[in-house]
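This report looks at how two chains meet and at a few sites inside them. Keep the sequence and the 3D view open while reading.

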Amino acid sequence: MPIVSYQISHLDALEAESIHIIREAVAEAERPVLLFSGGKDSALLLRLAVKAFYPARLPFPVMHVDTGHNFPEVIAFRDATVSELGADLIVASVQVAIDEGRVTEQSGVNASRNRLQIEPLLRAIAENRFDVVFGGARRDEEKARAKERVFSFRDEFGQWDPKNQRPELWSLYNGRHRNGEHLRVFPISNWTEMDVWQYIGAEGIELPSVYFSHTRLVFERDGLLMADSDYITRLDNEEVFEATVRFRTVGDMSCTGAFASTASTVEEIIAEVSATRITERGASRADDRTAEAAMEDRKREGYF
Amino acid sequence: MEHTELVRLATTGSVDDGKSTLIGRMLYDTKQIFVDQLEAIEEASKRRGTDYVDLALLTDGLRAEREQGITIDVAYRYFATPKRKFILADTPGHIQYTRNMVTGASTADIALVLVDARLGVLEQTRRHAFIASLLRVPHLVLCVNKMDLVDYSQKVYDDITDDFRSFAARLDIADLRFVPVSALVGDNVVDKSMSMPWYTGSPLLEIIETIHVASDRNLIDARFPVQYVIRPHTMEHHDYRGYAGQIASGVYRPGDDVIVLPSGFESTIASIDTFDGPLEEAPAGLSVVIRLEDHIDISRGDMICRPHNQPQVGQDIDAIVTWMSDAVKLRPGAKYGIKHTTKSARALVRDLHYRFDVSTLHRIEDAPTLDLNEIGRVTLRTTAPLFFDEYRKNRQTGSFILIDEDTNNTVGAGIIGGAAL
Ligand SMILES: Nc1nc2c(ncn2[C@@H]2O[C@H](COP(=O)(O)OP(=O)(O)O)[C@@H](O)[C@H]2O)c(=O)[nH]1
């Protein structure tokens, strides 16, 4: 039997808080769902959710908003993880939304399907009548997130109103809502990138291979190394070369940049993260560089 | 894995006391600021025509706030030293944001209150200290900022600390400390200042790194609010029935005799389960699953505690409420949803006894209502019994929120004084 000391480590404290949040949301929800992209934060979130209900099975499905531009490694990881858990997977597809004319594909060099995720996400929430949607966002990621509540209310249009958020005190969460409204619940709000990696290391949580150093064909754009793929249009002067890289976050191939790295284990990644001088998003998200308030604008419309 | 401790801070100060600069300075000097963030604020500083890099911009959040140039909501920041990981609730200090400060203070281990050395202790400072003491933040550090603008004068500092001490004597602050700083220059923030040799204490970062917080938890009174009943219904765990929750206070061990409220049934803890295996001992703060030797009907909102150390049980509650809604007022006779631990019920405001003038601590009798940001003493009657302790003994079982039943908004935050007659 492991012996617990009265002093709780920061990872134990964060884990306990997250589990409390997950149980609280599920206890008060009718139809919860967990957003699972296959990225490290959602892998962590899924592990915490499994822990929260152990030894019972996960009492809700997981959902992926599939842009159609994902890394194949990530999709393979998603499917393997879900089937190992025996969980139900719902896929909300951006491609289908485009094919059905519900959203319009952007064109041009910086085209991204990022914003196009909002429609299929909100549609899937409405169709399945989900009233609690777990997300793996963290407050240290981005300025607009720093102020978002753990239980973040969304009106019947899925909108977030940053000026009208419910006060959140102690560990008392208000999950009340009417039909058609829902809550985004962010159990790992208080985790930092470093916490996530430390926990992944300590727990031996599996991740997609793209997080670890590998060689791949890339080209440089705005200081980021973009993976060469069918999903991104290269300019004439953007030459493809082979590099040893890894990804710090995992989004669409069209907007997630890699950087040169030889870190191939969690320990090496932790060492790299502690030495780095660039934020996660700055290092890898082309989409957030467009405007100072890019994230806040997307969030208001119902984004993750 | 090294055992880094999690510590929660709340910072507050009046507008322009230098709070954002101080936080920016702490993040910057502890190397939590990244190159791209620095570049972004350098650019923003230039656009606004400031001639130095405005560290305050690091902690400025939403667009609306950027437009108005002030912080209007609680924002959370993170930084770490080798010993501790800090969660900092950055709360604006103006009176119209009292609710935000109460929010930040509700979970804080340490409150950092800023004053401008040129202005000394203001009405706002007293209000901040009052709120920190009301919310039972165990440690308060008064940061006397902008010392560079008063020639690093010891006399100025001593006068301010004396003034604050005499006010704080009327409050209930368990641990009070002072530090003279210059957030702009960096004196006594991370490194000890060369300009104030008369100050023999530690710089701010060292203070918050070494304040002992583990013993602030209540490890005496065993309180386990049942959150969720776990029944796997699988072949492997056919008869498994466990009670999931986060231990609010005290320590639980297998073999402990327990009583379940409200039923009053007694049993013994069979095991304390987690995904990582059973525990021999589980202290306050952990999320676990408790199994009992006997099959008793237990549901969410019930509480598992010790037969000889039980919380108060009752429907009539005396409490101090901070009102958080600008849409509706708290009125005697009104009914609200109440959430206390994992229990939800309805509450009737039987009486509003008085409202505090939060700057003078005077009681204003015959207040007809509580408005946004007002704090007052009420008596509530709840539809179901609550299992509670006085807030000053137990921040988990002594706190509740009030919810408007029309809008579902959280409209009030309450701390329990005791049972009402
Ligand atoms: N001289 C001096 N100016 C300071 C100091 N701290 C903050 N300031 C200035 O005071 C003003 C208000 O600071 P800010 O951090 O925005 O205050 P906030 O409203 O409390 O967040 C800014 O112009 C800062 O540069 C200090 O220690 N010394």
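How much area is buried between chain A and chain B, and what share of it do carbon and sulfur atoms give? About 6900 Å² is buried, and carbon and sulfur atoms give 57% of that. Buried area here is the accessible area (1.4 Å probe) that two parts lose on being put together, summed over both.

This is a predicted model, in which local features need pLDDT of at least 70 and side-chain atom pairs count only at pLDDT 80 or more, while totals for chains, interfaces and linings use all residues. Residues are numbered from 1 along each chain as its sequence is written, chains are lettered from A and ligands numbered from 1 in the order in which they are written, and side-chain values use heavy atoms, with hydrogens and water left out.

## The interface

In chain A, 72 residues are in contact with 91 residues of chain B. Contact means heavy atoms within 4.5 Å.

Which helices of chain A each supply at least two residues to the side that touches chain B? They are α1 (10–28), α2 (40–53), α6 (193–203) and α9 (294–301). Helices (H or I, at least four residues) and strands (E, at least two) are DSSP runs, numbered from the N terminus. α1(A) gives the most, with 14 residues. By class, this side of chain A has 33 nonpolar, 16 polar and 23 charged residues. Ala, Val, Leu, Ile, Met, Phe, Trp, Tyr, Cys and Pro count as nonpolar; Asp, Glu, Lys and Arg count as charged; the others, Gly among them, count as polar.

One lysine of chain B also reaches across. The side chain of K85(B) comes to 3.1 Å from the backbone oxygen of N190(A). K85(B) sits in strand β3 (residues 84–90) of chain B. At 2% relative accessibility, K85(B) is buried. Buried means under 20% relative accessible area, exposed over 50%, and partly exposed in between (1.4 Å probe, protein chains only).

## Salt bridges

A salt bridge is a side-chain nitrogen of Lys or Arg within 4 Å of a carboxyl oxygen of Asp or Glu. The whole structure holds 48 of them over all chains. Seven cross the interface of chain A and chain B. Some examples follow.

| Pair | Closest N to O |
|---|---|
| K51(A) and E203(A) | 2.8 Å |
| E105(A) and R113(A) | 2.6 Å |
| R377(B) and D318(B) | 2.9 Å |

K51(A) has a salt bridge to E203(A). That pair links distant parts of the chain: K51(A) is in helix α2 and E203(A) in helix α6, 152 residues apart. K51(A) is buried at 4%, whereas E203(A) is partly exposed at 22%.

In the E105(A) pair, E105(A) is partly exposed at 35%, and R113(A) is buried at 4%.

In chain B, R377(B) lies in strand β20 (residues 375–388) and D318(B) in strand β16 (residues 312–323), 59 residues apart. R377(B) is partly exposed at 26%. D318(B) is buried at 14%.

## Inside chain B

Helix α4 (residues 98–106) of chain B is mostly covered, with eight of its nine residues buried. Among them are T98(B), M101(B) and S106(B). The cover includes β1 (5–12), β2 (75–80), β3, α5 (123–134), β16 and β20 of chain B.

V179(B) lies in strand β6 (residues 175–180). Is V179(B) buried or exposed? V179(B) is buried, at 0% relative accessible area. Beyond its neighbours within four places in sequence, its contacts include V141(B), C143(B), Y157(B) and I207(B). C143(B) is itself buried at 0%.

Over all chains the count of disulfides is zero. A disulfide is a pair of cysteine sulfur atoms within 2.5 Å.

How values were computed
Polar contact = N/O pair within 3.5 Å; in protein donor to acceptor, adjacent residues only side chain to side chain.
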